[in-house]
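Dear colleague,

I am passing on the structure below, and after it you will find some notes on what turned up when I went through it. Please read them with the structure open beside you.

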2 protein chains.
Amino acid sequence: MNQSNPNPFPLNATLIENLIKENNLNLCSISIRELNRLVDKLSEKCSVEFLRFEFGIPGLIANRMGPEEEIRILKENPSLPSTYPPFDGVPRLKKATALFCKKFMNIDVQPENCLPTVGAMHGCFISQAISARRGENANTILFLDPGFPVNKLQAKFLGLNVKSVDLYNYRGEKLIDKLEKLFSTGTIGGVIWSSPNNPSWICLKGKELKGIGELLTKYDVIGIEDIAYFGMDFRYDYSVPGSPPYQPTVATYTDNYFIIISSSKIFSYAGQRVAVTIISPELMNKKYSYLKTYFNTDKVGNAFIHGGLYTTTAGVAQTPQIALASYFEAASNGQYDFLSELKIYAERAKKAKKIFLKYGFNLAYSKDMEEQISDGFYFTIKREGFNSDTLLYHMLRFGLAGIPLNTTGSTIEGVRICVSLIRSDQFEELEFRVRELNSFLIN
Amino acid sequence: MNQSNPNPFPLNATLIENLIKENNLNLCSISIRELNRLVDKLSEKCSVEFLRFEFGIPGLIANRMGPEEEIRILKENPSLPSTYPPFDGVPRLKKATALFCKKFMNIDVQPENCLPTVGAMHGCFISQAISARRGENANTILFLDPGFPVNKLQAKFLGLNVKSVDLYNYRGEKLIDKLEKLFSTGTIGGVIWSSPNNPSWICLKGKELKGIGELLTKYDVIGIEDIAYFGMDFRYDYSVPGSPPYQPTVATYTDNYFIIISSSKIFSYAGQRVAVTIISPELMNKKYSYLKTYFNTDKVGNAFIHGGLYTTTAGVAQTPQIALASYFEAASNGQYDFLSELKIYAERAKKAKKIFLKYGFNLAYSKDMEEQISDGFYFTIKREGFNSDTLLYHMLRFGLAGIPLNTTGSTIEGVRICVSLIRSDQFEELEFRVRELNSFLIN
């Protein structure tokens with residue numbers, strides 16, 4: 001890429017403003033897809049290849065194990081595509097998930113507790129529906145923000161109430177105190193978080209998860225733990241199956257959990273839409289009569305399977321389930337070190353952060369309790385005096401895209417940077433653009 | 001199968017009663033899955049192979065075209081499984097669907113109007129959600145019954161009201177009059193039907209569809225037309241692409257439609273969970289401000305794609321979309337006569353009906369307006385003096401399973417028979433069992 005000669009930046013302001021207006025957009029509330037399209041158009045009109053930090057998608061090619069296993073099954077079992085999948089999932093994947101949970105989280109669940117879904121999105125959707133429909137008043141989902149905006153759209157689709165706590169302001173005991181205050185109102189049905197967190201890359205500590213877990217039990221709230229970035233807090237080596245340290249999970253501290261593990265990021269298998277939700281054995285058998293209003297059953301497990309999985313998609317495509325099973329099996333048996341492949345993201349984050357910090361930016365979320373924030377899939381930047389939208393606007397003028405933090409439920413003004421797509425040959429260009437942007441902003 | 005010597009029928013009544021009680025079942029309200037499990041257990045305990053007329057699943061092996069295309073793509077495009085599918089579907093499938101619609105229904109839609117879903121279930125789920133959330137008062141889904149019970153569970157999940165009209169009592173002008181009465185209350189957001197109908201195999205006539213279509217337009221109600229059994233009214237030859245007769249559709253008469261076409265039955269591709277919803281070009285762009293309450297947008301098309309497909313599953317697995325595209329393409333180009341393969345179901349239905357009618361049973365739904373009901377995937381039986389549940393109970397004692405009609409919203413007492421799984425070598429056994437059952441009931 002040699003777009004620096006002649007220097008096209010800053011891109012024409014009128015052109016950008018017009019594109020924003022023509023498409024009825026607002027950088028304060030823009031969705032990821034709208035931003036993608038805006039950047040596509042800008043890129044085309046200006047003949048500039050953007051650095052696409054706004055996409056939160058895998059930047060690696062999936063290990064061939066998964067596709068090869070799908071191919072094998074499609075060849076050897078001609079009746080499989082004709083057969084409805086069991087609504088509660090293909091037995092091989094259920095078994096492999098339980099093994100993976102034991103080996104990498106050290107928790108004990110049975111295959112029957114492991115329910116395949118059409119991506120983590122599907123798991124979060126049904127988990128929210130059940131958590132906030134167990135009692136008439138406990139119809140609010142609490143979000144530990146910042147977070148993935150679409151999870152809040154799911155609550156909206158479901159007609160649920162939403163509350164938010166920003167992890168920037170609440171960590172450690174302060175977080176637990178805040179949660180207890182909210183849980184004690186009796187209005188919270190479920191609390192949802194991702195750890196590592198999208199977009200801030202905050203990772204909840206064991207003592208925080210313990211505190212949350214105890215409160216979940218005490219107030220009968222369900223924890224929805226979305227571990228899309230399983231094991232990717234690279235400050236710790238979670239890569240050895242059956243050996244500590246283990247991926248921290250609230251399941252160690254409560255029976256009131258749904259855990260969601262997706263193939264999209266850890267196995268770069270986003271295209272085949274497959275994930276699993278793990279329901280604790282105790283929660284699976286719990287009964288709430290109010291569930292009947294929506295699911296024709298009072299039992300959590302039945303509500304998930306027959307009231308949720310069946311009514312939304314009637315299960316998950318057969319062969320992608322087999323692909324995910326093969327990844328879980330190989331990871332659990334120590335044959336496939338999936339985390340070593342993913343470390344490249346941390347390396348990219350380290351290099352990219354360095355550049356932004358060098359030219360007048362700061363990390364929006366810089367601390368993870370007493371530690372520095374980890375390097376991984378995402379990080380967040382801010383700049384003195386700039387709101388999320390104006391910062392993004394100026395970045396766009398210099399061929400840089402990212403997600404405005406205010407769309408993630410954050411109380412901080414800044415932009416999310418996803419490093420998954422940046423290539424090693426682009427860091428020089430990145431430095432050039434950030435330096436130019438900095439000069440522009442300080443002059 | 002030579003279970004007739006010695007004759008094990010009727011199976012032990014106490015054993016059946018106990019199994020029903022132990023599992024907390026009620027034959028009046030039993031779900032398909034519960035019935036499957038009950039029959040499995042009965043079959044095992046009595047060492048009798050049941051004739052499984054209760055499953056509504058394909059009985060054929062999918063043409064290899066689909067799996068081969070999935071295999072080809074998985075081999076040739078290693079980055080595809082790593083790439084999120086577009087939420088509105090893979091372009092090739094969108095284009096193939098529009099072509100298929102033109103060739104087999106003679107309707108004009110664009111690829112952008114064709115939205116892949118995770119099976120027809122997913123399409124019906126989102127279609128109901130949108131239809132009944134366009135206005136605060138129009139929050140009722142009207143079912144043209146009998147129907148697939150899970151569609152009503154979907155309405156329940158969505159918190160929608162449900163009303164029902166039984167096609168047994170209302171056909172032709174009577175149906176149209178009844179619908180107008182209901183539509184004019186302003187409470188109906190959508191009306192859902194399948195034609196050919198599951199379980200009755202009723203096929204709505206062109207003049208009925210015209211009447212419905214005109215009312216949909218007049219009262220701004222959305223028609224949700226689930227054509228799971230596309231082209232399978234074998235009284236008419238719908239198999240020639242681009243030539244009449246065409247599969248009848250309400251789309252010929254209104255712009256207010258969602259059409260749902262599934263790969264499960266017509267291509268026997270149930271296992272890979274892929275279908276399409278076709279939204280009329282006009283409806284796609286219609287705006288209703290109340291939609292914003294649930295979907296963050298007032299536009300029907302956006303609500304379906306970003307509010308519905310994105311929030312529930314973030315799209316459909318990549319390679320199954322390609323498989324379905326290959327079927328649609330081959331069918332539309334005249335290279336693959338998918339309907340000729342499916343005629344076997346009609347032949348089975350004809351033979352099985354004859355046996356039931358010979359031994360004191362009648363068809364529950366026997367007429368299709370002035371015509372005899374068509375032979376296809378399902379038919380319905382009844383018997384003087386028997387309720388749905390008692391009829392099923394006695395059938396079970398003779399190794400015959402089926403779905404009690406009262407669970408389908410029918411006002412008729414009877415049982416649904418699905419012929420998809422019966423093999424040609426089983427008809428003799430079927431006749432033996434039905435004859436024995438008849439003797440038992442009349443003595």
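Between domain 1 of chain A and domain 2 of chain A, in what is a predicted model, there are 13 residue pairs in polar contact, both residues of each pair being at pLDDT 80 or more. On the domain 1 side of chain A, at least two residues each are supplied by α14 (338–358), β10 (367–368), β11 (371–372) and β12 (378–382), and the largest share, five residues, comes from α14(A). That side divides into 17 nonpolar, ten polar and seven charged residues.

The count of salt bridges between domain 1 and domain 2 of chain A is four; separately, the side chains of A:Arg171 and A:Asp368 meet in a salt bridge at 2.8 Å, N to O. The two domains of chain A bury about 2,700 Å² between them, with carbon and sulfur atoms giving 63% of that area, and in domain 1 the residues that lose the most area to domain 2 are A:Leu339, A:Tyr365 and A:Met369, which together make up 23% of what that side buries. As for the bounds, domain 1 of chain A covers 13–60 + 339–442, while domain 2 covers 65–332.

Turning to the two chains, the contact takes 64 residues from chain A and 64 residues from chain B, and the area buried between them is about 5,100 Å². Across this interface the rule finds zero salt bridges, although 34 residue pairs are in polar contact, both at pLDDT 80 or more.

With best wishes

Terms used:
Residues are numbered from 1 along each chain as its sequence is written. Chains are lettered from A and ligands numbered from 1 in the order in which they are written. This is a predicted model: local features need pLDDT of at least 70, side-chain atom pairs count only at pLDDT 80 or more; totals for chains, interfaces and linings use all residues. Side-chain values use heavy atoms; hydrogens and water are left out. Contact means heavy atoms within 4.5 Å. Buried area is the accessible area (1.4 Å probe) that two parts lose on being put together, summed over both. A polar contact is a pair of N or O atoms within 3.5 Å; within protein, one must be able to donate a hydrogen and the other to accept it, and residues adjacent in sequence count only if both atoms are side-chain atoms. Domain bounds come from an automatic or database domain assignment. Helices (H or I, at least four residues) and strands (E, at least two) are DSSP runs, numbered from the N terminus. Ala, Val, Leu, Ile, Met, Phe, Trp, Tyr, Cys and Pro count as nonpolar, Asp, Glu, Lys and Arg as charged, and the others, Gly among them, as polar.
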